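This briefing is meant for a reader who is meeting the structure for the first time. Please keep the sequence and the 3D view open while reading the points below.

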Amino acid sequence: MPLSPQDQAYWKEKLGWKSFLYITAATVGMGCVVWPLVQFILSATSGHASDWTWSLMAQVVVANFFLALLVSTLIWCIGQMYYYMDWLPPRR
């Protein structure tokens with residue numbers, strides 16, 4: 001069942017560039033800050049904190065940055081595909 005014009009306008013606004021920036025900021029924040037911190041804490045609790053260097057931390061952050069960009073782009077593109085295929089639910 002196709003979406004009403006009001007629903008189409010709602011989803012078009014929700015899937016705009018602003019939402020892409022929010023998704024990107026969230027995934028980059030998780031990938032560049034939270035995930036390396038969790039990995040370091042897990043290494044520290046198992047007694048391997050000395051294995052972490054600034055160089056290794058920088059490599060993990062850069063690798064996770066590009067992975068987060070890829071993931072956020074895929075999430076946003078899937079949302080756009082759902083919009084253009086009319087697979088999104090109505091608001092009501």
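Leaving out residues up to four places away in sequence, serine 43 touches His48, Ala49 and Trp52, where contact means heavy atoms within 4.5 Å. The model is a predicted one, in which local features need pLDDT of at least 70, side-chain atom pairs count only at pLDDT 80 or more, and totals for chains, interfaces and linings use all residues. Residues are numbered from 1 along each chain as its sequence is written, and side-chain values use heavy atoms, with hydrogens and water left out.

- Serine 43 is found in helix H2, residues 17–45, helices being DSSP runs of H or I with at least four residues, and strands DSSP runs of E with at least two, numbered from the N terminus.
- The relative accessible area of serine 43 is 17%, and this residue is buried; buried means under 20% relative accessible area, exposed over 50%, and partly exposed in between, with a 1.4 Å probe and protein chains only.
- Proline 89 lies in the segment after H3 and, at 45% relative accessibility, counts as partly exposed.
- Between proline 89 and serine 43, which are 46 residues apart along the chain, the C-alpha atoms are separated by 43 Å.
- Not counting residues up to four places away in sequence, proline 89 touches Leu3 and Trp11.

**Helix H3**

- H3 has 31 residues and reaches 45 Å from its first C-alpha to its last, close to the 45 Å expected at 1.5 Å a residue, the expected span being 1.5 Å times one less than the number of residues.
- Among the buried residues of H3 are Val60, Ala68, Trp76 and Tyr83, and what covers the buried residues of this helix includes H1 and H2.
- Just after H3, aspartate 86 takes a positive phi of about 60°.

**Nonpolar core and aromatic rings**

- The largest nonpolar core has five residues in all, namely Leu3, Trp11, Leu15, Tyr83 and Leu88; such a core is a set of buried Ala, Val, Leu, Ile, Met, Phe, Trp, Tyr and Cys residues joined through side-chain atoms within 4.5 Å.
- A search of the whole structure finds eight aromatic pairs, where rings of Phe, Tyr and Trp (its six-membered ring) pair if their centres lie within 6.5 Å, with planes under 30 degrees apart counted as stacked, over 60 as edge-to-face and the rest as tilted.
- Tyrosine 10 and tryptophan 11 form an edge-to-face pair, at 5.3 Å centre to centre and with 75° between the planes.
- Trp17, Phe20 and Trp76 are linked into a cluster by ring pairs.

**Salt bridge**

- One salt bridge is found in a search of the whole structure, the term meaning a side-chain nitrogen of Lys or Arg within 4 Å of a carboxyl oxygen of Asp or Glu.
- Arginine 91 forms a salt bridge with aspartate 7, their closest N and O atoms being 3.3 Å apart, and the pair links distant parts of the chain, 84 residues apart.
- Arginine 91 is partly exposed, with a relative accessible area of 46%, whereas aspartate 7, at 2% relative accessibility, counts as buried.

**Cysteines**

- The count of disulfides comes to zero, a disulfide being a pair of cysteine sulfur atoms within 2.5 Å.
- The sulfur of cysteine 32 is 20 Å from the closest cysteine sulfur, in cysteine 77, which is too far for a bond.
- Cysteine 32 counts as buried at 17% relative accessibility, whereas cysteine 77 is partly exposed, with a relative accessible area of 41%.
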